[in-house]
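Subject: Structure handover

Hi,

Here is the structure I promised to pass on. Please have a look at it first, and then read on for what I found.

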Amino acid sequence: MDAIKLLVLTSKDLQRDIVESGRGAASHKEFYAKNSRWTEGLISASKAVGWGATVLVDAADLVVQGKGKFEELMVCSHEIAASTAQLVAASKVKADKESTNLGRLQQASRGVNEATANVVASTKSGKSQIEEKDTMDFSTMTLTQIKRQEMDTQVRVLELENQLQKERQRLGGLRKKHYELAGVSEGWDAGLYFCLSLSLGEFPCSTHTGLCLPAVSRNPIVS
């Protein structure tokens with residue numbers, strides 16, 4: 001995706017500006033060593049955005065072919081939005097507020113979110129057209145068959161609701177561990193985490209997991 005490429009290139013330009021303005025008499029190597037956690041956070045976010053874009057495109061192709069899950073596509077889009085927000089927030093921590101490249105990076109991040117939303121919308125449209133051809137037909141079923149199917153469906157709904165609750169609990173545990181590890185290995189220190197949350201506007205709490213996590217976008221992609 002061109003939007004992803006532009007985001008990464010702009011991020012590199014801004015990072016170069018930050019290093020030049022902040023290193024003083026120190027060498028580039030010394031600056032990166034002193035700010036290793038910040039650097040690792042940028043690298044991690046950039047890699048995550050690129051990886052997410054690749055998975056998103058592959059997932060979209062599979063959904064249109066009827067071989068993939070639309071839910072996987074949505075998760076990919078949210079991951080891209082979150083990683084993009086992390087990249088911008090990490091850059092804002094050390095960048096000059098009046099930096100031209102910071103403005104370009106913020107604009108590029110909006111472009112990524114728009115491009116991702118377009119992929120999701122196009123895929124959803126294609127998926128809907130496929131599903132219209134496979135509409136359920138109950139016209140030939142007897143009353144007994146209808147009742148049997150109704151009971152089976154109720155059982156399946158209860159099973160899925162129970163499974164959903166377990167998966168939400170699992171997701172909550174995974175997210176909690178993710179943010180714990182990220183603080184150590186990816187440079188998400190308290191200042192950066194707070195900055196990320198402020199840049200997104202809030203600390204939304206998940207009613208299902210009980211965790212307070214940063215939102216991925218002010219204007220989340222609507223499924």
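**What the model shows**

The protein chain has seven helices and zero strands, where helices (H or I, at least four residues) and strands (E, at least two) are DSSP runs, numbered from the N terminus. Along the sequence the pattern reads α-α-α-α-α-α-α.

Before the details, a note on the source: this is a predicted model, in which local features need pLDDT of at least 70 and side-chain atom pairs count only at pLDDT 80 or more, while totals for chains, interfaces and linings use all residues. Residues are numbered from 1 along each chain as its sequence is written, and side-chain values use heavy atoms, with hydrogens and water left out.

Of the 223 residues in the protein chain, 32% count as buried; buried means under 20% relative accessible area, exposed over 50%, and partly exposed in between (1.4 Å probe, protein chains only). Among contacts (heavy atoms within 4.5 Å) with a separation of 6 or more, 67% join residues 24 or more positions apart.

Helix H3 (residues 36–64) packs with helix H4 (residues 70–94) at an angle of about 160°, and their axes are 8 Å apart. That makes H3 roughly antiparallel to H4. For reference, axes are lines fitted to C-alpha atoms, for helices over the stretch in contact, and angles run from 0 to 180 degrees between N-to-C directions. Angles under 35 degrees count as roughly parallel, over 145 as roughly antiparallel, 65 to 115 as roughly perpendicular and the rest as oblique. The contact of H3 with H4 has 17 nonpolar, eight polar and two charged residues; here Ala, Val, Leu, Ile, Met, Phe, Trp, Tyr, Cys and Pro count as nonpolar, Asp, Glu, Lys and Arg as charged, and the others, Gly among them, as polar.

Helix H1 (residues 2–22) packs with H4 at an angle of about 15°, with the axes 10 Å apart. H1 is therefore roughly parallel to H4. On the H1 side the contact uses Ile4, Leu7, Ser11, Leu14 and Ile18, and on the H4 side Ile80, Thr84, Leu87, Ser91 and Lys94. By class, the contact of H1 with H4 has six nonpolar, three polar and one charged residues.

H1 also packs with H3, at an angle of about 170° and with the axes 10 Å apart. This makes H1 roughly antiparallel to H3. Ile4, Leu7, Ser11, Gln15 and Ile18 of H1 meet Trp38, Thr39, Leu42, Ser46, Val49, Gly50 and Ala53 of H3.

**Two residues to look at**

Leaving aside neighbours within four places in sequence, Gln15 is in contact with Tyr32, Trp38, Thr39 and Leu42.

Thr123 lies in helix H5 (residues 100–132) and, at 4% relative accessibility, counts as buried. Not counting residues up to four places away in sequence, Thr123 touches Ala60, Val63, Val64, Phe70 and Leu73.

**One annotated stretch**

An unreviewed UniProt entry annotates residues 148–177 as "coiled-coil region"; such annotations may be inferred rather than shown by experiment, and UniProt positions are given in the numbering used here, with feature names shortened. In the model, residues 148–177 are 100% helix and 0% strand, with the end C-alpha atoms 44 Å apart.

Best wishes
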